Amino acid sequence: EQFQSPYEAIGGEKVISMLVDEFYKRVANHPDLAPIFPKDLTETARKQKQFLTQYLGGPPLYTAEHGHPMLRARHLPFAITPTRAKAWLACMSEAMDAVGLQGPIRDEFYQRLVLTAHHMINTPEDEI
Ligand code: HEM
């Protein structure tokens, strides 16, 4: 049997695209997150689709257009507090529910995002 990447296992481009759209709908309405994101999330969503595609083992779309992700560095201009990391993950979990992503593939993907989100924290709670 051929190896299937997590990208293929969750349903490829279509599911990533729906997931990211559901995610940013929630980000736009989240009181802790909306203030640090651009009003128009079109470009942010486009980059996130590219990023998550390669994060899950699909084609390296993000790197092809933007170079090395350097995610932590790219987040340094924004105050990422523990509260915001928690909010980000809550939006993602709800987005996963909305697109019907479930089972071990969802759990593995989510657990990886928990680690990455914690790695993005660059500001202690009391600095905002
Ligand atoms: C960009 C916030 C976690 C992936 C951004 C931007 C903000 C942000 C404000 C800039 C949006 C823009 O100007 O277009 C946060 C917060 C997080 C978080 C509050 C909470 C921990 C993550 C995680 C990932 C991620 C866990 C990946 C799994 C990205 C990507 C971009 C981005 C790919 C676009 C970078 C670029 O400009 O090329 N994030 N982020 N972020 N974030 Fe996050």
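1. Two residues are in contact if their C-beta atoms, placed from the backbone, lie within 7 Å. By that rule, 74% of the contacts in the chain with a separation of 6 or more are between residues 24 or more positions apart.

2. The model is a predicted one, in which local features need pLDDT of at least 70 and side-chain atom pairs count only at pLDDT 80 or more, while totals for chains, interfaces and linings use all residues. Numbering starts from 1 along each chain as its sequence is written.

3. The chain has seven helices and zero strands, in the order α-α-α-α-α-α-α. Helices (H or I, at least four residues) and strands (E, at least two) are DSSP runs, numbered from the N terminus.

4. The C-alpha trace spans about 50 × 30 × 25 Å along its principal axes. Of the 128 residues in the chain, 20% are buried, that is, with 20 or more other C-beta atoms within 10 Å of their own, C-beta atoms being placed from the backbone.

5. Around the ligand there are 23 residues, of which Thr44, Phe51, Ala85, Trp88 and Ala117 come nearest. Two or more residues of this shell come from each of α3 (42-55), α5 (71-75), α6 (82-98) and α7 (104-120). A residue is near a molecule if its C-beta atom, placed from the backbone, lies within 6 Å of it.

6. The helix that gives the most to the shell around the ligand is α3, with six residues. By class, the shell holds 14 nonpolar, five polar and four charged residues. Ala, Val, Leu, Ile, Met, Phe, Trp, Tyr, Cys and Pro count as nonpolar, Asp, Glu, Lys and Arg as charged, and the others, Gly among them, as polar.

Conventions
A residue is buried if 20 or more other C-beta atoms lie within 10 Å of its own, exposed if 12 or fewer, and partly exposed in between; C-beta atoms are placed from the backbone.
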